[in-house]
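Here are some exercises to work through with the model open beside you. Try each task before you read its solution.

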Amino acid sequence: MSGYDVHRGENPRIIFFFWIVMAATVTLVLGLGWRQLIAAQKYEEIEKRQTERRILKPGPRGDIYDRKGNLLVGNRAHYSAVVYLDDLRREFRAEYSKIIRAERAALKEAYQLKPLEEREDSQLTPDYNELQWVARQNVIQRYIDQINLITGRDDTVSTRAIIRHFNEQLLLPLPLVSDLKPDEYARLIEQVPVQSPIQIHTDTARYYPYGVAAAHTLGYVQNVNPDPDAIPSGGIKTYTFKTKIGKTGLENSFDNLLSGETGTEIWRVDPLGFQDSLLDGVTPKQGENLITSIDIDLQIAAETALGERTGAAIALDVRTGEVLAIASHPSYDLNGLSPYIPRKTFGEINDRGAWLNRTLQLSYPPGSTFKLLTSIAGMRHGTITLQTEHDCQGVFRIGNRIYHCHARYGHRVVDQAAAIEGSCNIFYYAEGLRMGIDVISAEAERFGFAERTGIEVPYETGRLVVPSKEWKRERVGDGWVPGDTANTSIGQGFLLVTPLQMATFIASIARDETRTQPTLRALSYAKGQQVNHGGEPVGLTRKQRAELWEGMERVVGDGGTGRLVQIDGLRIAGKTGTADFRAHGKEVNLAWFVGFAPVENPQIAVAVMVEGTSSLDSYHGGSTAGPVAKDIFLEFIEQYPERAGFKVAR
Amino acid sequence: MAKLRLDRIKPLVALGAFLFAWWIIPTTLKSFLEASFSEFQAPAWVATSYLDDLENFWARRSHSKVELIEAGREVARAKSLYQFNSQRKETLENEIQRLEAILNLPSRREFRYEVARVVRRDLNAWWQQIVIRKGKDFDIPVGAAVVFSGGVVGRVVEVSAFTSRVELVTSPNFRMAANFEGDVRPVVYQGLPQSGFGDPLGTVRDAPQDVIASTQIPLKLVSTRLGGTFPPGLMVGRVSWLEPGNTGIFQAGEVELDARLLSLHEVAVLIPLYPIDLENDVP
């Protein structure tokens, strides 16, 4: 029996300490149990936060195709040379030691050269922090020099960029050289040893095989840092590669569809934050593809026909409202904006005014093309009949003011069809005044001129003006005068519409309805059959419609203002227009042509607007906009001969 | 207890001392020693190679006259075919030069061919390097392309006085830019650790998404001039399948290389005639 056994039941001090030890042991065991069993999850989370890092890798964007499957927007390889800083740590240390030694020696030498009274001990201590960054910069620059030697470039790295990368993107590779050309990429692949810390990184950049074609409609993308909170991380620190978001056009409207699925990588890191091992990963996925209604052949025809002029051209499928071509000039090469927009390119496009999408971002007076609406309003209101005629002497007096017809000596006696054919202002002045502005305004609103078309392209202008008495009182502050009605009835005055609206208007007339819902998405045959444009029948009798269409067909006839649009074998109904417009700080001409074909079974509706940029430009609807429309019709025949009514040998 | 006998551990001590010395001597000295050792070995390898050739020569002497005459005829036929091809090539080269001059295109790199016998396959590099029987004596430069009748063999990584070491296309340390036949977009080829059985393999990555490979119609991977080392169009291998890589868009796959790479006897080194001019040359 030991001494302790003798006293354990009796000695109160031992009993006291026994219970203290017991209580402490129980507390420890309970504490351990609590931490291991109950609070384990919390500690796991803390451990994860401290040792794990997440990298988000955005997925590539989907492709955009035309209706025939031609690639309009795709992804091309974007090469860069990168380095993971983790791989350079030994070199950083070696360089740092070398620099410190040199710096100390230099400081010592400078110190000894100073008079005794100016010497201070602090003068012998180098700035360690600064030297650390210098060492890192030296090492990284050495690798860049190696790349420069192979590629013939002259790139450098700044300390600021390195500090920013260390602080914000440590786990991601540091780009040494970006946007390598294919030959530079190939040289680096062959001449940089496989074991080198330099890695050739392949990313994607948007690629536009047709360059300027439909640039405003397709749009471009911008590189942004994605929102790391979009994918819950459980508190793990997240690093992200840049992603691309649609900035304009379809890239913007269909951003959700085109955006890829973000991939993730979970890395274990060491206490300094450098990567240690890959724990988990999900591969990014490419976004969905978009098939547009655009026909690239028609698009190129429209772009080529517009040439260097400023303007817009649109072709719609009459039945479905699908946009077959939509061109706005001046334009820009989308490839110049990928992978980023250089400042110089931005400025150059800006100076040319090419950022603006003239098909839907700017509104213009429609000129004489609006006479078709005045005709419809008059016929529905009963003021224009099949017998209505006016004697055009070239001038028309309203109050004290003389209004002119564009035919100086007049058109003589004209009925409605002849007035459309010759674009007689006098006929429409007289008829406009007879029916009044309320009727014209109501009809214009019925055809949707006061509303945006709702096409899937952002930034469609809301500056659309269908003038009325109330509108003038509110906006201008003046009362309505008969001259305003006369101007409106020929598409001048306060009236403002977009070229896209004019395209939907002419497509609506071709279908004998009041609305056309344009769309840039390709519709299947079944869907195309069920399109509801949301309008109503125009409300003309068969004879009235026949007279309207006859006038429009005569426009493209031998004596019409749009005779240059004539195509053998294709019956085209159209209307020309020439408007005066104040733009670029001066009065300029606007040339319009709207039309559809074939008359017997309308398939394609075209609207063309060419904008003068100088007061010296003498543009006319028939001679300037007409030939552009003709080229589009010709390409339509080429691409869709059967729909254009041409027999095809099988 | 047995007495510790110092003489027994002497070799271990010597080995330890040697390893320690090797560890502490400067890298420059190490490289010099390695190079010297290689130069010292080279004559023996070259001599062995010549003996092999002699052995082959005597083995061929045992063939009958009829067989030799037939072989001679074959050689004559092959020679006439090569002469014809050579003339055709010369005509085409002239035509290319004429077109380049008209179109004001930058000049292409021109190469001189140096045919060399393979001395041995280097065991130290897991048989992924070969030693050829020409070196500085024939102005072989480091980095030069090495080819054979089946396409790319590799790249010269080390040049000695009479021999050169070539990193084979099968080596994981070999990487080159390539493209699929008929497609100008560059991709990356890299060798794979070889299993030791079957045909040699490599990998290809950064293949564009629209490139489709199948076992029925394998794609030909050929060299591109973009990298500057190889002339365009030399066969690298065939690709039977491609799958999406970790970028989510570019594809990666396996490249089946020519089985003859495992038993090379003779190769040609392509020596650039002029140093590359980064501004004006098409690499």
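**Exercise 1: a hairpin.** Which residue takes a positive phi in the hairpin of β12(A) and β13(A)?

*Solution.* Start with the ground rules. This is a predicted model, where local features need pLDDT of at least 70, side-chain atom pairs count only at pLDDT 80 or more, and totals for chains, interfaces and linings use all residues. Residues are numbered from 1 along each chain as its sequence is written, while chains are lettered from A and ligands numbered from 1 in the order in which they are written.

Step 1: find the strands. Helices (H or I, at least four residues) and strands (E, at least two) are DSSP runs, numbered from the N terminus. Here you want β12 (residues 310-317) of chain A and β13 (residues 323-329) of chain A.

Step 2: look at the 5 residues between them, and you'll find A:Gly321 with a positive phi near 80°.

Step 3: check the pairing. Two strands pair if DSSP finds at least two bridges between them. β12(A) and β13(A) have 6 bridges in the antiparallel sense, and A:Ala312 has A:Ser328 as its bridge partner in β13(A).

**Exercise 2: the strand's other partner and its surroundings.** Which strand do 8 bridges join to β12(A)? Are the residues of β12(A) buried or exposed?

*Solution.* Step 1: the partner is β20 (residues 604-611) of chain A, and the two run antiparallel. A:Asp317 has its bridge partner in A:Ile604 of β20(A).

Step 1: apply the burial rule. A residue is buried if 20 or more other C-beta atoms lie within 10 Å of its own, exposed if 12 or fewer, and partly exposed in between, with C-beta atoms placed from the backbone. By that count, 8 of the 8 residues of β12(A) are buried.

Step 2: sort them by direction. A:Thr310, A:Ala312, A:Ile314 and A:Leu316 point one way, A:Gly311, A:Ala313, A:Ala315 and A:Asp317 the other way, and all are buried.

**Exercise 3: a loop residue.** Why does A:Thr461 count as partly exposed?

*Solution.* Step 1: locate A:Thr461 in the loop between α16 (437-446) and α17 (469-475) of chain A.

Step 1: count. A:Thr461 is partly exposed because it has 17 C-beta neighbours inside 10 Å.

Step 2: list its contacts. Two residues are in contact if their C-beta atoms, placed from the backbone, lie within 7 Å. Leaving aside neighbours within four places in sequence, A:Thr461 touches A:Leu360, A:Gln361, A:Leu362, A:Ser363 and A:Thr498.

**Exercise 4: an open sheet.** What is the order of the 4 strands in the open sheet of chain A?

*Solution.* Step 1: the order reads β7-β1-β9-β10, with mixed pairing.

Step 1: pick out the edges. These are β7 (237-240) and β10 (275-282) of chain A, each pairing on one side only.

Step 2: zoom in on one pair. Strand β9 (residues 263-269) of chain A and β10(A) run antiparallel, joined by 6 bridges, and A:Glu265 stands opposite A:Gly281 in β10(A).

**Exercise 5: where the chains meet.** Which element gives the most to the side of chain A that touches chain B?

*Solution.* Step 1: get the totals. 21 residues of chain A are in contact with 20 residues of chain B.

Step 1: see who contributes. β3 (71-83), α7 (182-191) and β5 (198-207) of chain A each give two or more residues, and α7(A) gives the most, with 7 residues.

Step 2: cross over to chain B. There, 6 strands close into a barrel in the order β6-β7-β8-β11-β10-β9, with antiparallel pairing. Strands β6 (residues 175-180) and β7 (residues 187-191) of chain B pair over 4 bridges, and B:Ala178 stands opposite B:Val187 in β7(B). α7(A) packs on this sheet, touching β6 and β7 of chain B.

**Exercise 6: chain B as a whole.** How many helices and strands does chain B have?

*Solution.* Step 1: the tally is 3 helices and 12 strands.

Step 1: Chain B has 24 Å, well over the 19 Å the rule gives for 283 residues, so it is more spread out than a compact globule.

Step 2: finish with burial. Of the 283 residues of chain B, 29% count as buried.

Notes
Axes are lines fitted to C-alpha atoms, for helices over the stretch in contact, and angles run from 0 to 180 degrees between N-to-C directions. The radius of gyration is taken over C-alpha atoms; the globule rule is 2.2 Å times the number of residues to the power 0.38.
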